[in-house]
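Morning, everyone. I'll walk you through one structure today, and I'll keep it quick.

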Amino acid sequence: MKKRGKKVLEEEETLCCCEYVNRLGERSHVAACCCDCEDLDDACDRFLKRESQKPESLSHVTAVFTDRIRVPWLWGGARKVELSVIPPLVLLPVLLHIAALHFLLGVVTLTALPGLVLWYYYFTHRKKGRTLFFLSLALFSLGYMYYLFLTEVLPRGDLGVMQPAVVTTGVILTLAALFHTKRDPGIVRPNLEDVHSTVTYHSPLAEIDSAVNGGKHDVTMTAANRTETTKHGEADLKESSRRNWCPACRVVRPPRAGHCRICGVCVRRLDHHCVWINSCVGLANHRSFLVTLVLFLSTSVYGISLVLRSVCPDQLLLTALLYCPGVYDQYSAALCFTCAWYSSLVTCGLLHLLLVQVINVSYNVTEREARLALREKTARSSYWGLVVDTGVYSRGFRGNWEEFMSMGEKLNPPTPLPTDLVVTLSWYLLHAAE
């Protein structure tokens, strides 16, 4: 009844741009963000009195704080702001301007910044939680570098009309490719119209807790799932069907699909969960993901070259990046040089990611399959683990790339034969009895 009351309040009552419905279902205003915060008052009072805090005080204060940080919105009232978006917007400009003050400050800042990002990545990765920090950092880095290019490099008068036009086109194409990549990675969804049968098991399947639902598991078989399962033949079905049932999504996963614990969905041909786009990379968006990397790297390398030519015109690009005498004499030049170094660090990291992706596509292996194969010692690895060959799906270099370029066609498979259902259910019943 309480949830229903919240929905009625949101739908029936018109909210102005500064109003919102808080987590308790009450109508509130953005200007009242510091009012009636009993949890924060109690925590501050205990701190001043040197008393121990309640175990739930921090979580309550955080919940209230995140619920009240809103921005005015014209439609539907004020919108909630994700807290993980704010740190990159504040820290990146501050750290880059500090690094431009002196050479030693630049070395310390540009060395500590990647370390902080990696620490936060492993911290969030261990908790398997979603965060907009890395997507915000990527977008703001791209936007802020473009802003500094227009305000610091372009007014120096060393560039013509064509160079800024090329950089602007690269930024627009990168954002368009990123938007297309985030649309849908290829989530496995059961089609209720194609459901023909439901089988109830009274013995637990592998990797499923027998205490859940009294040891019973409902398996919904759809026409799409049966088609992709039977494509690889009976041998692949016998090896992988025990792990195909996902108890979280309640679907039968097709071959090479995997469950992402961060997104909470099953994705066809799951490669990995990319924190930089805050989404999974799978069958539907893997090609656009590579296109996004190529566009970003091309734009970044070209922009870095233009900045270095403007700041250090008498030196080669590589030597100018390593050493540019007199660059710290002017703050504007020092800021441009610092941004070039920051962009170079980001470019090197994404270049490694692109190299790994190209190698995996050439061997027809996903990042998820490579990690599992290395863990189980069933793959051949070389070049310090950079090249991983499982030998399961590889069709040769040309065949692997042809399959990769035509992956989108597998999202709409043809209608299966009726005998597919009989074969699949018979095999499941046989192994369930064992």
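Let me start with a definition. A salt bridge here is a side-chain nitrogen of Lys or Arg within 4 Å of a carboxyl oxygen of Asp or Glu. One caution before we count. This is a predicted model, and side-chain atom pairs count only at pLDDT 80 or more.

So, how many salt bridges does that rule give? The count is four.

Begin with R256 and E369. They form a salt bridge, and their closest N and O atoms are 2.8 Å apart. Where do the two partners sit? R256 is in the loop between β8 (251–252) and β9 (258–260). E369 is in helix α13, residues 367–376. That puts them 113 residues apart, so this pair links distant parts of the chain.

R256 has 10%, so it counts as buried. E369 has 13%, so it counts as buried too.

Next, R380 and D389. This salt bridge has its closest N and O atoms 2.6 Å apart. Here the partners fall on opposite sides of the scale. Exposed means over 50%. R380 has 61% relative accessibility, so R380 is exposed. D389 has 13%, so D389 is buried.

Then R395 and E403. Their closest N and O atoms are 3.6 Å apart, and they form a salt bridge. R395 is exposed, at 58% relative accessibility. E403 is buried, at 10%.

On to the cysteines. How many disulfides does the structure hold? One. It joins C312 to C324, with an S to S distance of 1.6 Å. Look along the S-S bond. The angle about it is -110°, and the link of C312 and C324 is left-handed.

C312 is buried, with a relative accessible area of 3%. C324 counts as buried as well, at 8%.

Take C249. It is in no disulfide, and the nearest cysteine sulfur, that of C266, is 3.6 Å away. C249 counts as partly exposed, at 22% relative accessibility. Then C336. It is in no disulfide either, and the nearest cysteine sulfur belongs to C339, 6.7 Å away. C336 is buried, at 5% relative accessibility.

Let's turn to empty space. Rolling a probe the size of a water molecule over the atoms shows where empty space is left. How many cavities of 30 Å³ or more come out of this? One. About 70 Å³ of space lies in the largest cavity.

Which residues line that cavity? Find Y121, T124 and H125, then G129, R130 and T131. The lining also takes in I262, H273, V275 and N278. Helix α5, residues 103–127, gives the largest share of the lining, with three residues. By type, the lining divides into three nonpolar residues, six polar and one charged.

Next, the nonpolar packing. In soluble globular proteins, nonpolar side chains tend to be buried together. The largest nonpolar core here has 37 residues. Which of them touch the most other members? They are F149, F289, L290, L293, V307 and V311.

Which helices build this core? At least two residues each come from α6 (133–153), α7 (162–181), α10, α11 and α12. The most comes from α10, with ten residues.

One last stop: L92. You'll find L92 in helix α4, residues 86–99. It counts as buried, at 3% relative accessibility.

To recap. We have four salt bridges by the rule. There is one disulfide. There is one cavity of 30 Å³ or more.

Conventions:
Residues are numbered from 1 along each chain as its sequence is written. Side-chain values use heavy atoms; hydrogens and water are left out. Helices (H or I, at least four residues) and strands (E, at least two) are DSSP runs, numbered from the N terminus. Buried means under 20% relative accessible area, exposed over 50%, partly exposed in between (1.4 Å probe, protein chains only). A disulfide is a pair of cysteine sulfur atoms within 2.5 Å. On a 1 Å grid over the protein atoms alone, a cavity is a set of points where a 1.4 Å probe fits but cannot get out, and a pocket is an open set with protein on both sides within 12 Å along at least five of seven lines; lining residues have an atom within 4 Å of a point. Grid points are joined across faces, edges and corners, and a volume is the space filled by probe spheres set on the points. Ala, Val, Leu, Ile, Met, Phe, Trp, Tyr, Cys and Pro count as nonpolar, Asp, Glu, Lys and Arg as charged, and the others, Gly among them, as polar. A nonpolar core is a set of buried Ala, Val, Leu, Ile, Met, Phe, Trp, Tyr and Cys residues joined through side-chain atoms within 4.5 Å.
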